[in-house]
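This report goes through a single protein model, from its metal site to its strands and its backbone exceptions. The sequence and the structure are shown first.

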Amino acid sequence: MSTVSEALRDEEIRAGGGRTVAGVVNSIETLEGAGFLVRRPFPKASFSEFDPFLLLDEMGPMTLAPGKAKGAPDHPHRGFETVTYLLSGEMEHKDSQGHAGKLSAGDVQWMTAGAGVVHSEMPSAEFQRTGGTLHGFQLWVNLPRQNKMMQPRYQEIPAARIPTARTDDGLVTVRVVAGEALGARAVIETVTPIMYLHFTLRPGSRVSQPVPQDYNAFAYIIDGEGVFGADGERAIDGQMVMFASDGDDVMIANPVDAESELDVLLIAGVPLDEPVARYGPFVMNTEAEIYQAIEDYRSGRIGAINF
Ligand code: FE
């Protein structure tokens, strides 16, 4: 245990303690879409969801030769939201509502599939031509029963419009995709209360982020090795840290002897506590609703990409 984390422990104890760590989860590596490699802490056989979150995929980082980038061709979604956050590379998407867009480094697409869209998520023509490093995330956020069949909605926020903030000592920066941190408030609106924060911590720094006790909260380590929670649990890139629901804030630190910055996603949300019926790209409450979704997709009622 480094002196930094010991000091933090003392401070947390004095402050009444932040949340402790309930567990550290390793990612599995799996192929998605047309065959691109992702790291996935969940879902997997032993761990199907972290209510209200259904999936987290880290795409890359991988260096792709020209012509070798792969994507996810036309496929449907219903009953939840997909959140794409790109750190490097360039993706293009199109959907059955006639919507098209491009995502570059730092951009976020928060897509509320609701009643349903068919979309494609592919490397841009330019990225396909040049090749390069692809790195990004996709998070699936479940929708409550009353919003599952809502009108699809897109929120596409370019990197420059994602609010950022830093601690007074300048050692910790945050990009606020959803929720609020270090005095900055997200521009993205969420259906249920969700926090999606990207923290970058220089060695020898720490941050204590308020997270209301009724939120389920986890951290995913993008890069580096960090110290988490009131008990100073260590975790490295590719691991997910689940916080217990035993406090109103979450502590993240990068030890003073760290060799690199610590890059972390802190994601939290109020659990829906509803039954989850799930089949591939459809997430509903009942099996009958899943059969309906499959039927609607097969008969073309969710639509098709026509351009
Ligand atoms: Fe998709």
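Helices and strands are DSSP runs, a strand being a run of at least two residues, and they are numbered from the N terminus. In these terms, glycine 170 belongs to the loop between β13 (164-166) and β14 (172-178). The model is predicted.

Buried means under 20% relative accessible area. Glycine 170 has 17% relative accessibility, and therefore counts as buried.

**Metal site**

Which atoms coordinate the iron ion? The donors are NE2 of His75, NE2 of His77, NE2 of His119 and OE of Glu121, at 2.1 to 2.3 Å. Along the chain, these donors follow the spacing H-x1-H-x41-H-x1-E. Histidine 75 is in strand β5 (residues 72-77) and histidine 119 is in strand β10 (residues 117-123), so this pair ties together parts that lie 44 residues apart in sequence. Both histidine 75 and histidine 119 are buried.

The angles among the 4 donor atoms of the iron ion run from 83 to 176 degrees, and the site is irregular. Four donors count as tetrahedral if all angles lie between 85 and 135 degrees. As a reference value, the ideal angle for four tetrahedral donors is 109.5 degrees. Water is not among the atoms, so sites may look incomplete.

Histidine 77 also lies in strand β5. Is histidine 77 buried or exposed? With a relative accessible area of 2%, histidine 77 is buried. Its side chain makes a polar contact of 3.0 Å with the side chain of histidine 119. Leaving out residues up to four places away in sequence, histidine 77 touches a set of residues that includes Thr82, Met111, Trp140, Pro281 and Phe282. Two of the iron donors, His119 and Glu121, are also among the residues that histidine 77 touches.

**Strand pairing**

Strand β11 (residues 132-142) is mostly covered, since 9 of its 11 residues are buried. Strand β4 (residues 53-64) runs antiparallel to β11 and is joined to it by 9 bridges. Strand β6 (residues 80-88) also pairs with β11 in the antiparallel sense, over 8 bridges. In general, strands of a sheet pair through backbone hydrogen bonds, either parallel or antiparallel.

Elsewhere, 4 strands form an open sheet with antiparallel pairing, in the order β18-β23-β20-β21. The edges are β18 (205-210) and β21 (233-236); each has a single partner strand, so one side of each is left without a neighbour in the sheet. On average, neighbouring strands of this sheet are turned by 25 degrees against each other, direction ignored. Within it, strand β20 (residues 225-228) and strand β23 (residues 249-254) run antiparallel and are joined by 2 bridges.

| Strand pairing | Bridges | Residue pair |
|---|---|---|
| β4 and β11 | 9 bridges | aspartate 57 and glutamine 138 |
| β6 and β11 | 8 bridges | valine 83 and leucine 139 |
| β20 and β23 | 2 bridges | valine 227 and alanine 253 |

**Backbone exceptions**

Where are the cis peptide bonds described here? One joins phenylalanine 42 and proline 43, with omega about 5 degrees. Proline 43 lies in the loop between β3 (36-42) and β4. Another runs from glycine 60 to proline 61, with omega near 5 degrees. Proline 61 is placed within strand β4, the strand that is joined to β11.

Leucine 182 has a phi of about 50 degrees, and its place is in the loop between β15 (180-181) and β16 (184-185). With a relative accessible area of 33%, leucine 182 is partly exposed. Aspartate 273 has a phi of about 55 degrees and lies in the loop between β24 (262-269) and β25 (277-279). Exposed means over 50% relative accessible area, and aspartate 273, at 67%, is exposed.

Definitions and conventions: Residues numbered from 1 in each chain as written. Predicted model: local features only at pLDDT ≥ 70, side-chain atom pairs only at ≥ 80, totals over all residues. Heavy atoms only, no water. Donors = N, O, S within 2.8 Å, 3.2 Å for Na, K, Ca; no water. Tetrahedral: all angles 85-135°; square planar, octahedral: opposite > 155°, others 65-115°. Buried < 20%, exposed > 50% of the residue type's maximum accessible area, 1.4 Å probe, protein only. Polar contact = N/O pair within 3.5 Å; in protein donor to acceptor, adjacent residues only side chain to side chain. Contact = heavy atoms within 4.5 Å. Pairing = 2+ DSSP bridges. Axes fitted to C-alpha atoms, helices over the stretch in contact; angles between N-to-C directions.
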